[in-house]
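Dear colleague,

I am handing over the structure below, together with some notes on what was found in it. Please read the notes with the model open beside them.

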Amino acid sequence: MSGYTIAVVGATGAVGTKMIQMLEQASFPIKEVKLLASKRSAGKKALFNGKEIEIQETTADSFENVDIALFSAGGSISKQFAPEAVKRGAVVIDNTSAYRMDTEVPLVVPEVNEEAIRSHKGIIANPNCSTIQMMVALEPIRKQYGLDRIIVSTYQAVSGAGVSAVKEMKDQAKNMLNNEPFEAAILPSGGDKKHFPIAFNALPQIDLFTEDGYTFEELKMINETKKIMSDDKIKISATCVRIPVVSGHAESVYIEVKEEGASVASIQDLLRNAPGVELQDDPANQIYPTPLDAAGKKETFVGRIRKDRDQENGYHMWVVSDNLLKGAAWNSVQIAESLYKLGLVEVKD
């Protein structure tokens, strides 16, 4: 049987389990899947296409004869093992922030900048989940009219902070409804000094704050957007907020286009025909995207497109996508599909 040998690093995590599911839907031939995780997870089993596969501890030798390695086990694991995988001949698709801003590493959303994959030197970075869905929605508009400014406010699901954060939210909600004591130990950021409940709440902090008052999550969106669009001059600002939703990030996006001729109707037409986008924009009938409807789906959903009432070239929109799928696992598998389509990884017998 010919096909790729694929390794999934972090196979037991929230994104890793989705990567396994998305590989089942991949358009390239797969000969073998190796599931890798920490020592404490070794020996557990997971299903791939109905076949039980034992999870192995991640070591440097795990990547012998691996063609493509999907990483989603944290930045420190990527820093430790991605070079080892490359050394053994694998192409690494990294879902962490470890290599995103490395000038030697392409940062890729296949619907936006697939050709950047050709410049890889062994590692390809998967952008931040919030950046990915915004790029998918804005690229058709940028290509047609150019973009001068982006202002985005995100409403991000708790699953972006991991399985334990989702459990904490559910426990908090149950205890609050029963008038019982509750704990907050994870959000807004596990590494910060104080923690706040997310149940029935909204936290205007994702990741730690920097000296200028932005969080690292906000800077990721700003810097990654400039890199993906190859445009250091575009003006971008972001405010990232965590809300009590399990899966599905939502974004309120304001843009200013450069060229004349844009209209709500023309932007709707562009997005209606754009790859990876599903337009849900009929306010008269209350049709617009929601995280609950987007959960479990691979598309990026766009609605509430409207012209700014004061700024001639300004437009607003609402963008929603499953943060674990298009925001992570599916985008990673799409990059692997692009490697296959472009003939950049040989299919072995």
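**Helix packing**

Helices α1 and α9 cross in the right-handed sense, where a crossing is called right-handed if the near helix is turned clockwise from the far one by less than a right angle, and left-handed if anticlockwise. Please keep in mind that this is a predicted model, in which local features need pLDDT of at least 70 and side-chain atom pairs count only at pLDDT 80 or more, while totals for chains, interfaces and linings use all residues. Residues are numbered from 1 along each chain as its sequence is written, and side-chain values use heavy atoms, with hydrogens and water left out.

Helix α1 (residues 14-23) and helix α9 (residues 325-341) have axes 9 Å apart and pack at an angle of about 45°; the axes are lines fitted to C-alpha atoms, for helices over the stretch in contact, and angles run from 0 to 180 degrees between N-to-C directions. The two helices are therefore oblique to each other, given that angles under 35 degrees count as roughly parallel, over 145 as roughly antiparallel, 65 to 115 as roughly perpendicular and the rest as oblique. On the α1 side, Val15, Lys18, Met19, Met22 and Leu23 meet a set of α9 residues that includes Leu325, Trp330 and Val333, contact being heavy atoms within 4.5 Å. Helices and strands here are DSSP runs, numbered from the N terminus, with H or I over at least four residues for helices and E over at least two for strands.

A second pair is formed by helix α4 (residues 129-145) and helix α6 (residues 216-228), whose axes come within 9 Å and cross at roughly 40°. That angle makes α4 oblique to α6, and α4 passes α6 in a right-handed crossing. In this pair, Ser130, Thr131, Met134 and Met135 of α4 meet α6 residues among them Glu217, Met221 and Ile228.

**The six-stranded sheet**

An open sheet of 6 strands with mixed pairing runs in the order β10-β9-β11-β14-β13-β12, two strands being paired if DSSP finds at least two bridges between them. Strands β10 (235-242) and β12 (277-279) stand at the edges with a single partner strand each, so one side of each is left without a neighbour in the sheet. From one strand to the next, the twist averages 20°. Helix α7 (residues 264-272) packs on this sheet, touching β12, β13 (300-307) and β14, and its direction makes about 170° with that of β13.

Within the sheet, strand β11 (residues 249-257) has 8 of its 9 residues buried, so it is largely enclosed by the rest of the structure; buried means under 20% relative accessible area, exposed over 50%, and partly exposed in between, with a 1.4 Å probe and protein chains only. Strand β9 (residues 147-156) pairs with β11 in the antiparallel sense over 8 bridges, and Ile150 has Ile255 as its bridge partner in β11. Strand β14 (residues 314-321) also pairs with β11 in the antiparallel sense over 8 bridges, with Tyr254 partnered by His316 and Ser252 by Trp318.

**Strand β7 and its partners**

Strand β7 (residues 91-94) points Val91 and Ile93 one way and Val92 and Asp94 the other, and all are buried. Strand β6 (residues 68-71) runs parallel to β7 and is joined to it by 4 bridges, in which Phe71 is partnered by Asp94. Strand β8 (residues 123-125) pairs with β7 in the parallel sense over 3 bridges, and there Asp94 stands opposite Ala125.

Best regards
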